[in-house]
Amino acid sequence: MRTITPIDRLLSVADQSLRTIWGHHHAQRPAPRPDATVSGPPPELDEAERRLSGALIRVDHVGEVCAQALYTAQALVTRDEGLRAHLEAASQEETDHLAWTEQRLRELGDRPSLLNPLWYAGAFAIGTIAARLGDRTSLGFVIETERQVEEHLDSHLARLPVADLASRAIVTQMRDDEIRHAEAAQQAGGVRPPMPVRWLMRAAAKVMTTTAHHI
């Protein structure tokens, strides 16, 4: 069996990065859909509701682009093969989220953020720094990131139009997956970052989500 070299990993990361930013994504799991017990056709969204849903799902899509960057960077830097496998498995679930939000944007007649390359680069840098501080710190960043994403998705569930059952089903499943990722990182020995770092992460996320809502 051929040994995976550092150059192989770098080429794989470069390929994955390009695919994340500019490619079309395919989920391993089917996109969540509204409860099948709800009878009748889905409610029609008016123009204002469609625009709001598109903006919120675009922000969620950016979050998944950043998650891919974070996990990819951490998996590249760690020397622990078990942790690398853990990060790659979580990344695959985030790829499902990426595909679901991308598909939903198309259904809503909207588009991803034009600044996705910038968001990806920033998250990749953060993931690289966290991983170089050690595996426990790296996992701690996963815990904090996923908890902040959970709060963010909860806020979107409160803001999404009641009639947008398709988007609500997707966001609900994403939130449940993020909760599980945080719990898995904590069980693997992750230590949450100190409070000033958490505040900084929240501030950076606020800039990203506010900008991506429009651009």
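## Surface and overall build

The protein's accessible surface comes to about 11,300 Å², and carbon and sulfur atoms account for 61% of that. Keep in mind as you look around that this is a predicted model.

The protein has seven helices and zero strands. Reading along the sequence, you get the pattern α-α-α-α-α-α-α. Of the 215 residues in the protein, 44% are buried. Take the contacts between residues at least 6 apart in sequence: 86% of them join residues at least 24 apart.

## One aromatic pair

Let's move on to the rings. A pair of aromatic rings is described by how far apart the centres are and by the angle of the planes. The count here comes to one aromatic pair. That pair is Y120 and F124, which are stacked, with 6.2 Å centre to centre and 25° between the planes.

Where do Y120 and F124 sit in the helix, relative to each other? They are four residues apart in helix α4 (residues 116–132), so about one helical turn separates them. Y120 is buried, and F124 is buried too.

## Salt bridges

Now for the charged side chains. Side chains of opposite charge can pair when their charged atoms come close. The count of salt bridges comes to 15.

One of them joins R58 and D110, whose closest N and O atoms are 2.7 Å apart. R58 lies in helix α2 (residues 47–77), while D110 is in the loop between α3 (81–107) and α4, so the pair ties together parts that are 52 residues apart in sequence. Is R58 buried or exposed? Its relative accessibility is 5%, so R58 counts as buried. D110 is partly exposed, with a relative accessible area of 23%.

## Bridges within a helix

Another salt bridge runs between R104 and E107, with the closest N and O atoms 2.9 Å apart. Both residues lie in helix α3, three residues apart, or about one turn of the helix. R104 counts as buried at 9% relative accessibility, whereas E107 counts as partly exposed at 40%.

D177 is buried, with a relative accessible area of 2%, while R180 is partly exposed, at 39%.

## A linked group

Which residues are linked with D177 and R180 in a network of salt bridges? R29 and D96 are part of that network.

Conventions
Residues numbered from 1 in each chain as written. Predicted model: local features only at pLDDT ≥ 70, side-chain atom pairs only at ≥ 80, totals over all residues. Heavy atoms only, no water. Helix = DSSP H or I, 4+ residues; strand = E, 2+ residues; numbered from the N terminus. Buried < 20%, exposed > 50% of the residue type's maximum accessible area, 1.4 Å probe, protein only. Contact = heavy atoms within 4.5 Å. Areas by Shrake-Rupley, 256 points an atom, 1.4 Å probe, with all protein chains shown as cover. Phe/Tyr/Trp six-rings, centres within 6.5 Å; stacked < 30°, edge-to-face > 60°. Salt bridge = Lys/Arg side-chain N within 4 Å of Asp/Glu carboxyl O.
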